[in-house]
Amino acid sequence: MKKLKQIYEGKAKILYETESPELLIQYFKDDATAFNAKKKGTISQKGVMNNKISAKIFEFLQAQGIPTHFEKLLSEREMLVKRVAIVPVEVIIRNKAAGSLSRLLDLPEGKKLACPILEFCYKEDRLGDPMITEYHIRALELATDEEIKTISQYAIKVNELMSRFFLKLNLELIDFKLEFGRYQGKIILADEISPDTCRLWEVGTGKKLDKDRFRQDLGNIEEAYQEVLSRVTK
């Protein structure tokens, strides 16, 4: 598949058109950001690792009936994806308290929640991706009621599937972010699923194997991502 015009560059990825109007090439960068891009850096080979991790997880989810934008791997840093119109609403699922939830509600990190929490955030870097409710989504016409329902159902199912998937790899899925897009009139999962978008702690030790190592200056960042890759692809 031939790479043509660049149409988008975000904090972690670049999108290119192809000769097919329905398909794009998604390129994974090594750039790392945190706290709404207030902290910036580079994680060596992050793009390579996140590309491969995302591909494996998308393949797993598709096999379980979750529609995604993933088509196939093209290279170490590139995957072929369906061209979607991203819904400007990020979805966060939390299984244990960590990060902003701990700060917001003064909960100890690692506290198990009575049930998973589903949050929506307005996808707008300029505003810092503020948390919003379904009422905001309707009022701003970011998505229809049916789309909100579908996105929520998919997110809850993805949490169930990925929690079991990672637990088999001796990893606990603490929380994660999802993005969805519209493709041929339907909602499908898009973006990526990687240590950039998931909090993953090693079962038993609580060792953090995700971007918190960058956020919190814990060191051994590349090794953590490599450890997740090795477990996901073994």
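Buried residues are those under 20% relative accessible area, exposed ones are over 50%, and partly exposed ones lie in between (1.4 Å probe, protein chains only). This is a predicted model, in which local features need pLDDT of at least 70, side-chain atom pairs count only at pLDDT 80 or more, and totals for chains, interfaces and linings use all residues. Residues are numbered from 1 along each chain as its sequence is written, and side-chain values use heavy atoms, with hydrogens and water left out. Helices (H or I, at least four residues) and strands (E, at least two) are DSSP runs numbered from the N terminus.

**Helix α4**

- Helix α4 covers residues 145-167, 23 residues in total.
- From first C-alpha to last, α4 reaches 33 Å, close to the expected 33 Å; the expected span is 1.5 Å times one less than the number of residues.
- The buried residues of α4 are E147, I148, T150, I151, S152, A155, V158, N159, L161, M162, F165 and F166.

**Packing of α1 and α6**

- Two packed helices are described by the angle and the distance between their axes.
- The axes of α1 (residues 46-63) and α6 (residues 221-233) come within 10 Å and cross at roughly 30°; axes are lines fitted to C-alpha atoms, for helices over the stretch in contact, with angles from 0 to 180 degrees between N-to-C directions.
- That angle makes α1 roughly parallel to α6 (under 35 degrees is roughly parallel, over 145 roughly antiparallel, 65 to 115 roughly perpendicular, and the rest oblique).
- The crossing of α1 and α6 is left-handed, meaning that the near helix is turned anticlockwise from the far one by less than a right angle.
- On the α1 side, the contact (heavy atoms within 4.5 Å) is made by K46, M49, N50, K52, I53 and K56.
- On the α6 side, E222, Y225, Q226, V228, L229, V232 and T233 take part.
- By class, the residues of this contact are six nonpolar, three polar and four charged; Ala, Val, Leu, Ile, Met, Phe, Trp, Tyr, Cys and Pro count as nonpolar, Asp, Glu, Lys and Arg as charged, and the others, Gly among them, as polar.

**Loop residues**

- Most residues other than glycine have a negative phi.
- D191 has a positive phi, near 65°, and is found in the loop between β13 (186-190) and β14 (198-202).
- With 10% relative accessibility, D191 counts as buried.
- D217 also has a positive phi, near 55°, in the loop between α5 (212-215) and α6.
- D217 is exposed, at a relative accessible area of 63%.
- L127 lies in the loop between β10 (112-122) and β11 (131-132) and is partly exposed at 44% relative accessible area.
- L127 and N36 are 91 residues apart in sequence and 9.1 Å apart in space, C-alpha to C-alpha.
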